[in-house]
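User: I'd like to learn how to read the features of a protein model. Could you walk me through one?

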Amino acid sequence: MGNEEIIKMGSANLTLNYGRQPLAIVRGKNCHVWDADGKKYLDFMTGLATVNLGHCHPAVGRAVKKQIDRLWHISNIYWTEPQAIFARDLVKRLYKGRVFLCNSGTEANEAALKLARRHSTDNYGPDRTHVISFEGSFHGRTMGALSLTGQPKYHAGFGQMLPGVSHVPFGDLAGVKNAATDKTCAVIIEPVQGEIGVRVHGKKFMKELAAFCQSKNLLLIFDEVQTGFGRTGKLFAWQNYGVKPDIITLAKGIANGFPMGAMFAREDVAKSLVPGTHAATFGGNPLACAGAVAALAELTRPGFLENVRSLGEYAKKRLAAIKKKFPFIKEVRGMGLMIGIVLDHPCERHVKACAEKGLLVNCANGNVIRLLPPLTVKKAEVDRALSILEKVLGNNA
């Protein structure tokens, strides 16, 4: 089938969720994908920061293929080797704590919300159930995670959100202090707000926020669903800030495209989860875990993350030069290979024009072109992508 047939069939039978581009992608290899009509694209979206090692990475593919002949699924009533190995490897790269495995970022945030409440109940009584979040944040689309999300447009039409969630302005420590009460148990924050247009929190703010949470016995939750697994140039974004959160939620790049999520918690916090308090039928699926073990090994190869940081700086330097040519570019911001180009007008037409010229990017918050290339991207591919983008911006100014 070609693009038109696939889109027609999907449109007739699928519920609507994202505003989809008129392309049906059928194949991918490293930084490139092909649509059903055979057109090739340079992919600077990577499934929204999910395929961090590029499409069909051979090491991840081999690990999953090997596992597929052994075991696809078994209840978490039993132990499995891929789960145990991944949890060991992940904890080794974090700090003393434990991992809950699930299927997505929103599930990881639901688990963090439940753990924060449970830990608070265990240690301070049942009344501390409130959570502070930030305006502009995105934590998922299930009801608990949606309630944490600080964008009213996603709440519209769904009735009452979870009570006890306060949203304070981006980077506003005074707002956090004012919102904190004797009923607050946790603060949840994305180290970089991706969905709203790659907004980066400052290191000073993060350190002061962590100190305040510690002084009030509030759990600090880092939502690293998008920033984790090398995206910001460190394995995890908290390492850029020198702040060690109590709970970290992970997904997207965890298994390089295979559906999986995780919640990591400091050892003394994690022990509030005992058998029967929380679980997931498919969480820690052997196939996904096998992929995750291989992906983590690739991401932590010597020199890999240094290259991500170097290419990120190179891309931002080139974009700074492009910004000088086009006054309508207000800002270039980001960390590692998570970059936002802020325009003074809507960016959707630029995104469509880029796709026509063979480059896939997306539009965040209406006016921010978001670049999320594979972390395996080469300098020549960065150059090609930015040349297309520069031409498009020039033609559509």
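User: Let's start with one cysteine: is Cys-31 buried or exposed?

Analyst: Cys-31 counts as buried because its relative accessibility is 0%. Buried means under 20% relative accessible area, exposed means over 50%, and partly exposed lies in between, using a 1.4 Å probe and protein chains only. Please keep in mind that this is a predicted model, where local features need pLDDT of at least 70, side-chain atom pairs count only at pLDDT 80 or more, and totals for chains, interfaces and linings use all residues. Residues are numbered from 1 along each chain as its sequence is written, and side-chain values use heavy atoms, leaving out hydrogens and water.

User: Why is Cys-31 too far from Cys-56 for a bond?

Analyst: A disulfide is a pair of cysteine sulfur atoms within 2.5 Å. The closest cysteine sulfur to that of Cys-31 belongs to Cys-56 and lies 12 Å away, so it is too far for a bond. Cys-354 is likewise buried, at 0% relative accessibility. Its closest cysteine sulfur, in Cys-347, is 9.8 Å away, too far for a bond.

User: How many disulfides does a search of the whole structure find?

Analyst: The search finds one. Cys-347 and Cys-363 form it, with their sulfur atoms 2.1 Å apart. The link is right-handed, with 95° about the S-S bond. This pair connects distant parts of the chain, 16 residues apart: Cys-347 sits in the loop between strand 14 (338-343) and helix 14 (348-356), and Cys-363 in strand 16 (residues 362-364). Both Cys-347 and Cys-363 are buried.

User: You mention helices and strands; how many are there in the protein chain?

Analyst: Helices (H or I, at least four residues) and strands (E, at least two) are DSSP runs, numbered from the N terminus. The protein chain has 15 helices and 17 strands. Its radius of gyration is 21 Å, close to the 21 Å that the globule rule gives for 397 residues, so the chain is as compact as a globular protein of that length. That radius is taken over C-alpha atoms, and the rule is 2.2 Å times the number of residues to the power 0.38. Along its principal axes, the C-alpha trace spans about 60 × 55 × 45 Å, and 55% of the 397 residues count as buried.

User: What does Ala-290 touch, not counting residues up to four places away in sequence?

Analyst: Contact means heavy atoms within 4.5 Å. By that test, Ala-290 touches Ala-63, Gln-67 and Pro-82. Ala-290 is found in helix 12 (residues 286-299) and is buried, with a relative accessible area of 11%. Across the whole chain, 72% of the contacts between residues at least 6 apart in sequence join residues at least 24 apart.
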